[in-house]
Structures are given as C-alpha cells and as structure tokens.
Amino acid sequence: MKIHEKYINRCIELAKNGLGTTYPNPLVGSVIVYEDKIIGEGWHKKAGEPHAEVNAINSVKDRTLLSRATIYVSLEPCSHFGKTPPCSDLIIFHKIPNVVIGTIDPNEKVAGKGIKKLMEAGANVTIGILEKKCHDLNKRFFTFHNKKRPYIILKWAETADGFIAPIAKDEQKPIWITNKHSRQLVHKWRTEEQAILVGTKTVLDDNPSLNARDFSGNNPVRIVLDKSGKIDAKFNAKFNVKFNVKDNNIKTIFITEKDDFQTTENCIYEKCLFDENLIESILAVLVKHQIQSVIIEGGSRTIQSFIDKDLWDEARVFKGKTIFKKGVKAPTINHSIKRQTQILTDELIYIVND
C-alpha cells in the first residue's frame, strides 16, 4: 500500500498546478507507472481542456506499455460527456489493467459511476488511497457539491490593538495595516479563489479594485453588497468618484434589494432581501453562478455576519504593528489557531472551522 501512497502523493503535487484555473472543475493529477517507474503524468489545467488522465496517457512515449501499467489518479475518473469525453472510457480503450484512485468524485454526474464502469470492464480498481489528502486538495469542490455552497474564506487585517479600520479618514482609499509582502500574498490568494465579497461601506470608504494586480493569474469575480443602491452614478457625480467595482473590466455581481438596475455582461444585479436570512441568500446567489469559493474581505460587520451564522470554512488574519488607538473593531472569532507564520513585520494566523 505504501507504493500506492507514493504515487498518489505525486498526483496531488501535480494537481496543485491547476489551482485557480480549473473552475468549475476539480484539481486532478494523474501518473502512469510501469515496473515502479513513472512513464507518464499530467494534470487538469483548465476547464474545457483535457483532463489529468488524458494528459498522462498522451505523455506516454511507448503506448504498448499501457496494457501492463497502473494509472494513478487523485480523483475518480469521470464517466460522463461534458466539454470532454469520459476519462474512464479512455482508460478502458487503452486496456490499462490497474486503476488506483485517491477519492470518489462527489459530483452526482460521477459519484461512483466512473469506478463502476471501470470495474465492469475488468479493471482492477483500488479506492481510498490518501483519501483525506485528496479530499483536502479539492475542499472547494467537495464543499460546493456536498454542502451546496461555496468554500468560504474570511480574510482581514487588524492592528496591534485590534482595529480593522480607523473611524474616519480624509481620502477614499485604503489605509494599509500590513506590509507590501502580505498584500502581495493576498493578491496571490485572489488568483486561487473564484470570487471576493465586500460590503457597501468598504466600497464607499476605500473604492477598492478587488483584483489581482500584484500577482499573475485570474481575477476573482467581485461580489458587492449594496442594499439600497448607494454605489450608483449619483454618488459618483456628487463626490466626483468613479467606482472601481463598476469599471466593467471584471465580472461583478451586485446583491441588492432594489430592482431598477440594468444588468450588463460584466455588471450583474441579483435581488435579495436584507433580512435575517441574508447570508443564506447570498450563498444561494453564488451557487446559482457556479461559484465554488469566495473570500469574504470586508468590512468587519460583513465578516462578522458570516461568523455569527457559522457559515465559514477558514479564516486568514493578518496582525500588523500599526496602532490606531480607536477605530472599527476587528471581527471576533472563537476558534483555536491552526497555524501561524511571520511575514516580516506581520503575523499571519490561520483558523479552521472544523
């Protein structure tokens, strides 16, 4: 069994190369082994492009070895036609006799059907190798399919004395609590998740771009809460401000109670009641748009709303050296620290909602 773990570990390493580019598909890695030697490997790079198993098979130079080889894959091979043909059919076509799988696919379109097809074709199938690691690899995908909501990451920065923002400021732009290295890491995170969410006050106070300008990768979908339509042209005209979240460069979903907005290709309005079920309504909108992961980035009241509903999966909290003495208090979260690290002058704390 240890030999299986060795190669599933390699599948996991390969799969991580696709973080942030495979949505709505999962992260998957695959290796093909003959006589304890890797003869092919691959990972899923982008939705609509070949899956990991296809890339691994295509990388094998001597295809005659496939009929005597073992294919390892971190997630169950698909069994249905989507943008690409079923990977289970390809494995069967090449008569690969041994298939080792990390974990079963939770997507109801697969969910054991790929394994069943392989076994019915005579393949020797082994399931559940490093299952937890394979599950954790696709925590976003599993959360979306099993809990019917996105994987939720809370993120904020607080001062040494526990404030997330000053009470008032002179300019409509962020006041930085963390150093530039921490801020670049945040932009890296944005390329890895599908969406980022902020409340009205954050937009009005900071006019954020909510993109990944300091790191190479995809920009997240912007989700903006705007109950009464404050982020509109009238505000722009009054304060001579052009809102970055309305630049139409990135898909942006505004969640509002108003119903007189004109939806465009990159500026979408979704109506929700801002009542005691608002958080659940927001998550339903994200599921409607097939969003599997979201960073809740501000402000304090918005983040606290998710904490109070116990609708979050992990929190990433920066603590800087800045002192405000007074201001907007940071969110309160009563969970033990999973791990922490230092980024020059900043402390980064990870908390997991087990």
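1. Strand 16 (residues 346-352) is largely covered, with five of its seven residues buried; buried means under 20% relative accessible area with a 1.4 Å probe and protein chains only. Strands are DSSP runs of E with at least two residues, and helices are runs of H or I with at least four, numbered from the N terminus. The model is predicted: local features need pLDDT of at least 70, side-chain atom pairs count only at pLDDT 80 or more, and totals for chains, interfaces and linings use all residues. Residues are numbered from 1 along each chain as its sequence is written, and side-chain values use heavy atoms, leaving out hydrogens and water.

2. Strand 16 runs antiparallel to strand 13 (residues 314-319), joined by six bridges; two strands pair if DSSP finds at least two bridges between them. Within strand 16, Glu347 stands opposite Lys319.

3. Strand 16 also pairs with strand 15 (residues 337-343), again antiparallel and over six bridges. Here Thr341 lies opposite Leu348. The hairpin of these strands has two residues between them, and Leu344 takes a positive phi near 50 degrees.

4. An open sheet of five strands has mixed pairing and the order 2-1-3-4-5. Strand 2 (37-43) and strand 5 (124-127) each have a single partner strand at the edges, so one side of each is left without a neighbour in the sheet.

5. Strand 4 (residues 98-103) and strand 5 run parallel, joined by four bridges. Val100 has Thr126 in strand 5 as its bridge partner.

Technical notes
Buried means under 20% relative accessible area, exposed over 50%, partly exposed in between (1.4 Å probe, protein chains only).
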